Amino acid sequence: MCGIAGLFHAETPKPVDPMRIERMCNALAHRGPDGAGVWTDHGVGLGHRRLSIIDLEGSPQPMRSADSSAVIAFNGEIYNFRELRRELESQGTRFRTAGDTEVILAAYQRWGVDCLEKLHGMFAFALYDRDNRKLLLARDRFGVKPLFMARLSDGSLAFASELKGLLAHPLMRRRVDQTALDAYMTWGYVPDTHSILSGVEKLGAGHFLLIEQGKPVPLQRRWWDISFGERASGSEADLSAELVHLMRQAVQSRMVSDVPLGAFLSGGVDSSSVVALMSEASAEPVRTCSIGFDVAALDETSYAQTIADKFGTAHESRTVGQHDFGAIDQLSAMFDEPFADASALPTWRVCQLAREKVTVALSGDGADEAFAGYRRQIFHHNEERLRALLPKGLRQPLFGTLGRAWPKADWAPRPLRAKSTLLALAENGEEGYARGLSVMTPEARGALYSNEFSAALSGFRAEDELIRLMANAPAQSGLDRAQYADLKFWLPGDILTKVDRTSMAVSLEAREPLLDHRLVEFAARLPENMRVRRGTGKFLLKKCMERYLPQEILYRPKQGFVTPIADWFRGPLSGAARAISSSSIITQSGWFQPRALAELADAHIAGRSDNSRVLWQLLMLEKSLSQLDVTA
């Protein structure tokens, strides 16, 4: 795992200053504390910071091919590099190192851009083809590893693993993109289709950019997609056996490491499954770690301890409490862009705990998206059945009227909090799912925005991107479309961003075996009743893990990695909630109505409504903009 950065003059090649590349890489030093390198040629420069995982003494980067015709700066891991190496050796290729970086170089020289299809792993890399004067930027299928890009005023294209790498370049402009701000207020993160800074672009998951010197920079091209368009056949027993085989294969391939390795263990189905399969493949006790909370209702450490005891892991745990709020500035600095998934705080803490003993940690991320484990997916599945029974002309007036009249009872038991469900049923499936996935609906955002900011958006509405994505998905059903949206939009924008930044902040490599693309492709072909049955998600995954895990782990209600910010904002952090409305950055921007922000905080503190997610969102926006030193 590493950090990369570089510059490329496409249309008019100019000399590249190695010191500028070095400064960009130094901003990424946390991603690679074990080594650094810079390579430049006419019109191009590549930089690299290394976290040594495989071939510890070899494989320095940027790396040249044996004939010096290609150079690469690579971030990530290729899990099938040994198989590819053998295939290439059988065709005459000779290798000088024992790592995966040289394998990518040789694969490109053999197959060109088509080499991407052969790579199994997580990656973002820049490869310069010196013979053809082409730069290839590529990102893995699900977007586990990030890559930011920006066109600079001197005509160059700058790129880096994190936004802070770009910001180290003196020509980077720092102006907020207003559509990205609306997207952030909608989702709680800036999705891959936007960047908080105007002129900055993210290379999409499963996309590449191939740029040739002397020609304009083209559009990104997609090289991989997930399809829900086919259905697998076979009995439950056969499909279960295939699933266990794929999971075992995915876990074992990610246990290859020349440094200490462990796992995150929350006590949920997904991380417990990973630990079970790791224990099966390891002669030594697996090192595991978990984070709990000082609010008993949200603490899952007892479940994690149950799994640790069952598999004899070397387990450690710690507790996150209100005192951790003092680290919010550090947390914000990790992400550069505003990022309001409050579980980033405990994720960072568990990464810190893991890094005390290991350099690589396996996680359970990805299973909810692939196997339909989120409550919202199951609700959507049921709502789509109801929509199919009632024509839209009946649903809109019936459920729309009920939804608008129903109180927003955040304090009530879940079955009585029906407002969002009723409003979703009044819409089509895509609109309804976008409403359910968002932190703030268009109406809620409009109530906070100033008239000037609303007008400046010129009709832009962040939900429309997700709605189009679902409408055009290679899918057969509403459940398929919801999962497709989660895999393509939510996963890279929220979950994988969170894990990448918090793990890299402590120089820890996080690996996601349940996002092995062969496993996810298998999951996408499963019949719906193998994903959701009797109101339970991840049906087949849970069924096949019954031989490994206790029933109380497999079938307890899903809790998620929830941070108790609602309680914190009503307690010792109430002052921070009230201060948002008077924040100089927030108020001077002119984007929001200060009185509406104050009422939001007062209603939460008084217990009239739960506005904790929006308050956290605004707080993280303030911290991010302050650190970015941007202009509105």
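Six strands form an open sheet in the order 4-5-6-7-11-12, with antiparallel pairing. Strands pair here if DSSP finds at least two bridges between them. Strand 4 (63-64) and strand 12 (221-222) are the edge strands, each pairing on one side only. This is a predicted model: local features need pLDDT of at least 70, side-chain atom pairs count only at pLDDT 80 or more, and totals for chains, interfaces and linings use all residues. Residues are numbered from 1 along each chain as its sequence is written, and side-chain values use heavy atoms, with hydrogens and water left out.

**Confidence**

- The chain has a mean pLDDT of 92, and 94% of its residues reach 70 or more. pLDDT is the predictor's confidence in each residue, from 0 to 100.
- Over residues 411-416, pLDDT stays under 50. The model has four contacts beyond four places in sequence for residues 411-416. Contact means heavy atoms within 4.5 Å.
- Where pLDDT is low, the predicted coordinates should not be read in detail.

**Overall fold**

- The chain holds 28 helices and 17 strands. These are DSSP runs, numbered from the N terminus: helices are H or I with at least four residues, strands are E with at least two.
- The radius of gyration of the chain is 24 Å, close to the 26 Å from the globule rule for 632 residues, so the chain is as compact as a globular protein of that length. The radius is taken over C-alpha atoms, and the rule is 2.2 Å times the number of residues to the power 0.38.
- Along the principal axes, the C-alpha atoms fill a box of roughly 70 × 60 × 50 Å.
- Of the 632 residues, 59% are buried. Buried means under 20% relative accessible area, exposed over 50%, and partly exposed in between (1.4 Å probe, protein chains only).
- The accessible surface of the chain is about 23800 Å², and 49% of this belongs to carbon and sulfur atoms. Areas come from the Shrake-Rupley method with a 1.4 Å probe; for residues, only the protein chains shown count as cover.
- Among contacts in the chain with a separation of 6 or more, 73% join residues 24 or more positions apart.

- Strand 4 runs antiparallel to strand 5, joined by two bridges.
- Arg-64 stands opposite Val-71 in strand 5.

- In strand 9 (residues 156-160), five of five residues are buried.
- Cover lies on both faces: Ser-156, Ala-158 and Ala-160 are buried on one side, Leu-157 and Phe-159 on the other. In a regular strand the side chains alternate between the two faces of the sheet.
- Strand 1 (residues 2-9) runs antiparallel to strand 9, with five bridges. His-9 has Ser-156 as its bridge partner in strand 9.
- Strand 8 (residues 148-151) also pairs with strand 9 in the antiparallel sense, over four bridges. Met-149 has Phe-159 as its bridge partner in strand 9.
- The hairpin of strand 8 and strand 9 has four residues between the strands. Gly-155 in this hairpin takes a positive phi near 90°.

**Helix 2**

- Phe-81, Leu-84, Arg-85 and Leu-88 are buried in helix 2 (residues 81-90).
- Seen down the helix axis, the buried residues of helix 2 fall within an arc of 105°, so they line one face. The arc is that of the directions from the helix axis to the C-beta atoms.
- Arg-86 and Ser-90 are exposed on the other side of helix 2.
- Strand 5 (70-78) and helix 3 (101-111) are included in what covers the buried residues of helix 2.
- Gly-92 follows helix 2 and has a positive phi, near 105°.
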